Amino acid sequence: MWVCIEVKMSVDCLIELEKALHSDEVRTSRERINKLLHDDFMEITQSGTMYTKEEALESLSDSSSIQIEAFDLKVRTLSEDLHQVLYETKTSNLETGLIRQALRSSIWKKEGKKWQMIFHQGTQK
């Protein structure tokens, strides 16, 4: 999974990195999230809350009751070292049964040899 973080960009690589952030293994690990998020990372959540990288790291959950399914992933080249991943998600809370759908956009930036997410926005569908 982590081979993509330090290789030449490919569509499959960025999609793999994006999906890694949805896995329990990564989503609950401060160390792994820290590697994937750029120091200048900013997120706008579905509810309109803005998070910096540090705030995102502080809000990590230990819970594996959330299941995220991503589909229709597309990658747009913005520049040689900047790419956007656009997709939809279905997020299921396994404890409450609540299901939410969202349109998502992430921007990945290459710093040296590493690809890191610098921006993410989720908009409720």
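**View 1. Glu 88 and its salt bridge with Lys 125**. Glu 88 is buried, with a relative accessibility of 17%; buried means under 20% relative accessible area, exposed over 50%, and partly exposed in between, using a 1.4 Å probe and protein chains only. A salt bridge here is a side-chain nitrogen of Lys or Arg within 4 Å of a carboxyl oxygen of Asp or Glu. Glu 88 belongs to strand E4 (residues 82-93), while Lys 125 is in the segment after strand E6 (114-124), so the pair links distant parts of the chain, 37 residues apart. Helices (H or I, at least four residues) and strands (E, at least two) are DSSP runs, numbered from the N terminus.

The model is predicted: local features need pLDDT of at least 70 and side-chain atom pairs count only at pLDDT 80 or more, whereas totals for chains, interfaces and linings use all residues. Residues are numbered from 1 along each chain as its sequence is written, and side-chain values use heavy atoms, leaving out hydrogens and water.

**View 2. The salt bridge between Asp 39 and Lys 53**. The closest N and O atoms lie 3.0 Å apart. Asp 39 is in strand E1 (residues 37-44) and Lys 53 in helix H4 (residues 53-58), so the contact ties together parts 14 residues apart in sequence. Asp 39 is exposed at 63%, but Lys 53 is buried at 7%.

**View 3. The salt bridge between Glu 25 and Arg 32**. Here the closest N and O atoms are 2.3 Å apart. Glu 25 is partly exposed at 47%, and Arg 32 is partly exposed at 27%. The structure holds seven salt bridges.
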